[in-house]
Amino acid sequence: MRTAPPSAAPPVVAILGGGFTGASTAFHLLRAIGGQPVRIVVIEPRAGLGQGLAYSTRDPSHRINVPAARMTMDSADPQGLQSWLRAHPASLDTDPEARLQGGELFVRRRAVGDYVADTLGPALASGRIEHLRARAIRLGVAGPDPVHLNRGRRFEIGCDEGTVLVADLVVLALSHPPPGLPAALAPVAGSARLIADSTLGGDRLSGLARTAGQILIVGTGLTSADVIASLDRQGYRGRITALSRHGLRSRGHVFAHAASLADFATDPARSATPLLARIRRAVARDAAAGLPWQATLDAVRRDAPAIWAALPLAERARVLRHLRVWWDVHRFRIAPQPEAAIERRLAAGGLEIVRGRLVSAHEEAAGLRIGWRVPEGAALHEQTFDAVVVTTGPAHGEALHRMPVLASAAEAGLIRADPLRLGLDVADGCRALGRDGGAVPGLFVAGPLARAGVGELMGIPEVTRHAELVAARLAVALADRLSPAGQGA
């Protein structure tokens with residue numbers, strides 16, 4: 001085992017996870033500290049920072065699902081990605097389908113990773129930000145710094161390639177956990193015909209595109225759309241069945257409309273039912289004014305922090321239980337290119353979207369025999385498929401059990417799951433709460449893992465603003481620890 005050098009002089013900030021969240025946090029922290037001598041170490045196993053699960057994909061069918069003009073890693077430059085694309089036209093020269101007739105750009109997702117990597121390039125080259133290419137697998141308490149006792153408790157991070165890093169401050173900016181396998185598919189968990197995580201099944205999907213006749217996709221959201229678009233691009237001639245409990249698919253975009261005047265932040269609703277009624281009234285008013293529902297939902301998204309903060313825990317749970325599926329399909333809109341592929345396959349009969357609940361699965365010589373029931377009916381529907389692809393999304397409620405570094409931190413009492421099972425429990429938007437419910441000095445949570453305390457934290461604009469918040473809190477904590485009387489933050 002090799003140990004990273006002890007921090008005798010500069011304090012160390014370790015950012016666990018170097019996807020968009022971790023890269024943006026490092027970027028804004030460097031800005032916030034100015035010329036202070038601070039080591040910023042981003043621990044990320046991928047070759048480049050800023051890619052993460054979403055933007056490391058090489059599949060040309062996988063596109064951002066909002067126009068490039070709305071994506072940035074810097075709120076001061078709201079068109080950051082679009083500006084970068086103008087300065088790097090080669091990214092568009094190789095992607096002729098990116099630009100719509102109206103001028104909107106829906107680029108391949110890997111372009112976002114390239115944009116972030118290029119933005120961080122100077123800081124990495126100068127050493128102001130360090131990239132430790134490894135996966136953090138253990139997080140615990142290291143004790144105080146014997147040289148700078150005023151720094152208080154420190155953290156020890158163990159990595160999969162043997163490095164042990166001692167840090168003064170730690171940011172949990174980890175990727176989403178892998179999907180959970182639906183219980184009904186447990187009997188076929190080991191089958192070669194099952195792709196349990198579509199984000200890791202690129203080569204296998206290519207094989208299915210060439211050989212499979214009948215494919216079942218479990219889930220009908222954006223990840224399902226990625227799979228359908230990828231199969232379609234590769235010339236798949238078979239039939240796809242996409243199954244989910246509600247049979248809903250992500251809605252599309254409407255462009256060139258005015259902003260809604262709806263206000264959900266002033267005197268926000270305190271329970272789920274009045275909130276839904278308020279949104280419906282706003283949609284009706286906007287429709288009467290000639291605005292699409294997308295304009296109203298954009299206002300809901302803008303005011304989401306105030307909406308979420310006003311809801312008691314029990315009402316937040318009601319929103320998640322009854323309204324989340326509807327929010328997801330309206331909020332997380334599909335890019336026009338995969339939407340066109342889906343519409344084309346639906347019209348040609350090569351795709352069917354089915355509403356139902358999985359109830360059984362077993363393997364037979366001809367394939368995987370899958371059974372499901374529609375919510376209102378008792379009749380069992382069964383069909384044999386050459387392959388089954390799971391696209392139900394990350395198992396956020398299982399993050400503490402499925403991600404070793406979080407499991408070790410929880411065992412050490414440094415973190416705990418939030419009561420809504422969306423990620424980690426936080427205070428003040430980003431301070432990790434330990435087993436005893438108190439904020440753990442020096443430990444922060446950035447990005448989607450903090451969304452139970454913040455609300456909407458899945459889109460790039462929200463993640464960017466949250467990274468800026470975390471960076472500001474880190475700068476304050478560093479100033480406190482570097483001061484003669486500081487006792488940690």
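By salt bridge I mean a side-chain nitrogen of Lys or Arg within 4 Å of a carboxyl oxygen of Asp or Glu.

Some ground rules. This is a predicted model, where local features need pLDDT of at least 70, side-chain atom pairs count only at pLDDT 80 or more, and totals for chains, interfaces and linings use all residues. Residues are numbered from 1 along each chain as its sequence is written, and side-chain values use heavy atoms, with hydrogens and water left out.

Back to that pair. Glu462 and Arg465 both sit in helix H16, three residues apart, about one turn of the helix. Helices here are DSSP runs of H or I with at least four residues, strands are runs of E with at least two, and both are numbered from the N terminus. Glu462 is buried, at 9% relative accessible area. Arg465 is partly exposed, at 45%. The cut-offs: buried is under 20% relative accessible area, exposed is over 50%, and partly exposed is in between, with a 1.4 Å probe and protein chains only.

Next, Arg331 and Glu456. Their side chains form a salt bridge at 3.2 Å, N to O. This pair links distant parts of the chain: Arg331 is in helix H11, and Glu456 is in the loop between helix H15 (451–454) and helix H16 (460–482), 125 residues apart. Arg331 counts as buried at 6% relative accessibility. Glu456 counts as buried too, at 11%.

Now put these together. Arg301, Arg331, Glu456, Glu462 and Arg465 are linked in a network of salt bridges.

Helix H11 has another one. Arg324 bridges to Asp328, with the closest N and O atoms 3.9 Å apart. Both lie in H11 (residues 313–331), four residues apart, about one turn. Arg324 is partly exposed at 31%, and Asp328 is partly exposed at 26%. How many salt bridges does the count come to? It comes to 27.

On to cavities. Rolling a probe the size of a water molecule over the atoms shows where empty space is left. The working rule: on a 1 Å grid over the protein atoms alone, a cavity is a set of points where a 1.4 Å probe fits but cannot get out, and lining residues have an atom within 4 Å of a point. Grid points are joined across faces, edges and corners, and the volume is the space filled by probe spheres set on the points. That gives two cavities of 30 Å³ or more.

Leu297, Asp298, Arg301, Trp327, Arg331 and Arg333 line it. Helix H9 (293–302) gives the most to this lining, with three residues. By class, the lining has two nonpolar, no polar and four charged residues. For the classes, Ala, Val, Leu, Ile, Met, Phe, Trp, Tyr, Cys and Pro are nonpolar, Asp, Glu, Lys and Arg are charged, and the others, Gly among them, are polar.

The largest cavity has about 80 Å³. Its lining has seven nonpolar, four polar and one charged residues. Helix H7 (residues 222–233) gives the most, with four residues. Among the lining residues are Leu222, Ala225, Arg249 and Ile342.

Aromatics, quickly. The whole structure has four aromatic pairs. One of them is Phe106 with Phe255, edge-to-face, 5.9 Å centre to centre and 65 degrees between the planes. The rule: rings of Phe, Tyr and Trp (its six-membered ring) pair if their centres lie within 6.5 Å, and planes under 30 degrees apart are stacked, over 60 edge-to-face, the rest tilted. Phe106 is in the loop between helix H4 (90–93) and helix H5 (110–126), and Phe255 is in the loop between strand S10 (239–244) and helix H8 (272–288), 149 residues apart. Phe106 is buried at 0%, whereas Phe255 is partly exposed at 26%.

Last, backbone angles. Which phi does Arg421 have? A positive one, about 60 degrees, although Arg421 is not a glycine. Arg421 lies in the loop between helix H14 (404–411) and strand S16 (426–427), and is partly exposed at 47%. Asp428 also has a positive phi, near 55 degrees. Asp428 sits in the loop between S16 and strand S17 (431–433) and is exposed at 54%.

Terms used. On a 1 Å grid over the protein atoms alone, a cavity is a set of points where a 1.4 Å probe fits but cannot get out, and a pocket is an open set with protein on both sides within 12 Å along at least five of seven lines; lining residues have an atom within 4 Å of a point.
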